[in-house]
Amino acid sequence: ILYSAEGRRLAEKRGDLSGDAAVAMAADGHFAIVDRGAEGAGGEASKLTLYSPSGTEISSASLGIEVIAKQLAVRDGGETVALALTDAQKYRDGATDIVLYSKSAERIGAIGNVRYPNALTFAGSSDAHLLASARGTLMLLDADDAKVVWKTNRFYRLAFPLSAGISPDGRYLSIVTTVLPPKPQRDYHGRAHLLSMDDGRQ
């Protein structure tokens with residue numbers, strides 16, 4: 001169900017989605033839904049659908065029967081949708097591909113074999129950057145083709161959860177994470193830390 005900022009119901013979809021659907025919304029109100037579809041052989045394929053702020057369908061694409069969306073994000077204007085997809089036929093260990101789809105639901109770029117994705121965040125509409133975070137890894141991607149701008153593994157001691165946000169120019173970002181303690185104290189669960197970065201450097 002889509003609501004306005006005043007709490008007014010704008011649109012509703014009845015009975016069209018499975019019980020395993022995910023939604024993400026851009027700051028300007030464009031939103032996307034990924035529906036896993038029916039399970040089992042011959043079941044319905046996972047489907048990506050992009051909507052306008054008023055709830056009107058803009059485009060849709062089939063993702064495949066064995067594909068599950070772990071994360072998704074929508075760029076302002078609905079220009080790009082980013083998905084972290086795991087394909088049971090491609091990866092047996094749960095790894096994912098980060099895939100970009102255009103407003104017309106065409107696949108425009110991807111980066112493969114990303115482990116344990118935690119978040120996908122578009123920097124904003126002024127600059128085309130997409131921040132992808134995984135366990136111990138941060139990647140800044142070009143939101144037009146998914147090419148890596150920079151990538152770091154310097155946070156190899158960081159564990160779940162790892163969430164991050166990024167400024168509109170793609171330069172500054174903040175991270176909230178749990179830091180693993182030294183090995184002799186691994187029974188200790190660690191504490192949450194807030195880190196800030198400037199152009200990929202702490």
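1. In this predicted model, strand S4 (residues 31-35) pairs with strand S5 (residues 46-51) in the antiparallel sense, over five bridges. Within this pairing, Asp-35 has Lys-47 of S5 as its bridge partner.

2. S4 and S5 belong to an open sheet of four strands, in the order S3-S4-S5-S6, with antiparallel pairing. Strand S3 (21-25) and strand S6 (57-64) each have a single partner strand, so one side of each has no neighbour in the sheet. From one strand to the next, the twist averages 15°.

3. The largest nonpolar core comprises 17 residues. Ala-32, Leu-48, Leu-63, Leu-83, Leu-85 and Tyr-101 are those with the most contacts inside it. At least two residues of this core come from each of S4, S5, S6, strand S7 (67-74), strand S8 (80-87) and strand S9 (96-102). A second, separate core has 16 residues, among them Ala-82, Leu-100, Leu-130 and Met-139.

4. The structure holds three salt bridges. In one of them, Asp-144 and Arg-75 have their closest N and O atoms 3.2 Å apart. Asp-144 lies in the loop between S13 and S14 and Arg-75 in the loop between S7 and S8, so this pair ties together parts that are 69 residues apart in sequence. Arg-75 is buried, at 12% relative accessible area, whereas Asp-144 is partly exposed, at 45%.

5. Another salt bridge joins the side chains of Glu-79 and Lys-103 (3.8 Å, N to O). Glu-79 is in the loop between S7 and S8 and Lys-103 in the loop between S9 and S10, 24 residues apart. Glu-79 is partly exposed, at 42%, and Lys-103 is partly exposed, at 29%.

6. Asp-97 and Lys-90 also meet through their side chains in a salt bridge (2.7 Å, N to O). Asp-97 counts as buried, with 8% relative accessibility, while Lys-90 is partly exposed, with 48%.

7. Two backbone angles deserve a look, because most residues other than glycine have a negative phi. Asn-113 has a positive phi, near 55°; this residue is found in strand S10 (residues 107-114) and is partly exposed, at 40% relative accessibility. The phi of Ala-146 is also positive, near 70°. Ala-146 is found in the loop between strand S13 (137-142) and strand S14 (148-152), and it counts as buried, at 4% relative accessibility.

Key
Residues are numbered from 1 along each chain as its sequence is written. This is a predicted model: local features need pLDDT of at least 70, side-chain atom pairs count only at pLDDT 80 or more; totals for chains, interfaces and linings use all residues. Side-chain values use heavy atoms; hydrogens and water are left out. Two strands pair if DSSP finds at least two bridges between them. Axes are lines fitted to C-alpha atoms, for helices over the stretch in contact, and angles run from 0 to 180 degrees between N-to-C directions. Buried means under 20% relative accessible area, exposed over 50%, partly exposed in between (1.4 Å probe, protein chains only). A nonpolar core is a set of buried Ala, Val, Leu, Ile, Met, Phe, Trp, Tyr and Cys residues joined through side-chain atoms within 4.5 Å. A salt bridge is a side-chain nitrogen of Lys or Arg within 4 Å of a carboxyl oxygen of Asp or Glu.
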